[in-house]
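Please open the model in a viewer and keep the selection panel at hand.

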Amino acid sequence: MPRITITRPDDWHIHLRDGDVLDRTVNDVALWAHRAVVMPNLTPPVKTAAEATQYHTRIMAALADNKRFEPLMTLYLTDATTPQDIKEASDSELICGVKLYPAGATTNSAAGVTGLETLKPTLAAMQECDLPLLIHGEVTDPDVDIFDREAKFIERTLGPLVEEFPTLRIILEHITTQDSVDFVSESRAGVAATITPQHLLFDRNDMLVGGIRPHLFCLPILKRRQHKEALRSAATSGNPKFFIGTDSAPHTVETKESACGCAGCYSAHAAIPLYAEVFEEEGCLDKLEAFTSHFGADFYRKARNEDTLDLVRQDNLAPDYLTFGSSSVIPLRAGESLRWRLEPSQ
Ligand code: DOR
Ligand code: ZN
């Protein structure tokens with residue numbers, strides 16, 4: 001059976017949620033990642049270094065005894081975040097960045113940013129402290145079509161921001177378009193992007209043709225095939241500006257299969273096998289390791305992991321569902337075949 005060994009990956013964008021579901025989310029990702037950047041969009045959001053520290057403690061309490069895992073915490077940027085909040089975040093060894101959600105853009109973003117104008121001193125403090133800004137890059141202007149929201153965000157907000165703060169490190173999260181690939185590729189050093197498995201594997205036809213598949217609904221929404229192809233080229237290009245960030249985001253089956261379904265795909269159970277499938281299809285398996293295990297660590301200025309992960313090419317079935325607190329989650333590829341599987345370490 002073909003087997004590959006790669007440096008242990010990290011996940012530079014994940015939602016672990018809180019409370020009794022941490023058992024599931026934390027231990028699923030800890031099976032394959034050494035570190036993960038933990039999104040702060042809880043209710044209420046994680047807005048201060050003190051709150052991030054408490055959340056970190058709850059995550060570590062959920063980690064099984066035999067696992068090694070390091071959550072990298074983030075703060076949720078609001079209109080009220082001050083330079084002092086940034087200073088405290090930057091002084092904390094647990095915090096690796098600040099997340100910008102435009103208000104109303106996605107799940108639990110109501111407390112997000114309504115405009116950057118008044119936040120200039122806060123952004124200047126981030127640049128000064130060298131604390132990265134993680135961005136959900138979509139405009140929320142109701143006049144902009146949902147499929148154009150990422151491209152419009154680049155034009156209206158991100159382009160000017162990159163220029164105005166020339167040394168601020170910025171990660172455009174979960175990119176979905178050719179526009180984002182081009183923007184990040186052509187931007188100055190210090191601008192990078194994460195790419196999810198679902199945006200590499202699926203396009204909007206997969207979600208909408210022949211019936212609506214709510215478990216493929218995430219934000220930014222899946223785009224047309226041409227954009228998926230651009231993302232595949234970027235991910236497999238060996239360009240260090242593009243790296244793993246699963247955006248694994250659990251929602252219960254009831255909240256997804258609903259008249260107004262939630263946005264988010266759960267991939268922590270199989271993220272690396274899914275990425276491996278994409279890289280194999282593109283004939284670039286040799287580029288997988290850098291994408292999953294090198295480029296993100298380099299961008300965040302963390303040491304690359306020293307241990308390894310084995311992957312075996314053997315068809316296996318993804319679970320139909322995963323227990324999630326008192327309910328369940330339908331994960332990506334539920335009940336269908338995966339081409340790769342993780343080999344438990346000896
Ligand atoms: O699909 C998404 N789900 N996109 C996001 O930006 C947030 C996430 C969530 O928290 O469920
Ligand atoms: Zn996310």
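Begin by selecting the shell around ligand 1, which comprises four nonpolar, eight polar and two charged residues. In this grouping, Ala, Val, Leu, Ile, Met, Phe, Trp, Tyr, Cys and Pro count as nonpolar, Asp, Glu, Lys and Arg as charged, and the others, Gly among them, as polar. The model is predicted: local features need pLDDT of at least 70 and side-chain atom pairs count only at pLDDT 80 or more, while totals for chains, interfaces and linings use all residues. Residues are numbered from 1 along each chain as its sequence is written, chains are lettered from A and ligands numbered from 1 in the order in which they are written, and side-chain values use heavy atoms, with hydrogens and water left out.

The shell holds 14 residues, and R17, N41, T106, L219 and H251 are the closest; a residue is included if one of its heavy atoms lies within 4 Å of the ligand.

Which atom of L219 lies 2.8 Å from a nitrogen atom of ligand 1? It is a backbone N or O atom of L219. At T106, a side-chain N or O atom is 3.0 Å from an oxygen atom of the ligand, and at T107 a polar side-chain atom lies 3.3 Å from a ligand oxygen. On its own, ligand 1 has 290 Å² of accessible area, and the protein covers 100% of this (Shrake-Rupley method, 1.4 Å probe).

Now show the space taken by ligand 1, which is the largest cavity. On a 1 Å grid over the protein atoms alone, a cavity is a set of points where a 1.4 Å probe fits but cannot get out, whereas a pocket is an open set with protein on both sides within 12 Å along at least five of seven lines; lining residues have an atom within 4 Å of a point.

Move on to the largest pocket by selecting L31, L309, L342, E343 and P344, the nearest to its centre among 26 lining residues. This pocket contains about 540 Å³ of space. Strand β13 (337-343) is one of the elements that supply at least two lining residues, and its five residues form the largest share. The lining divides into 11 nonpolar, six polar and nine charged residues.

Finally, select P102, T114, V139, T140 and T157, which lie nearest the centre of the second largest pocket. About 280 Å³ of space lies there.

Definitions and conventions: Polar contact = N/O pair within 3.5 Å; in protein donor to acceptor, adjacent residues only side chain to side chain. Sits in = over half its atoms within 2 Å of the grid points. Points joined across faces, edges and corners; volume = space filled by probe spheres on them. Helix = DSSP H or I, 4+ residues; strand = E, 2+ residues; numbered from the N terminus.
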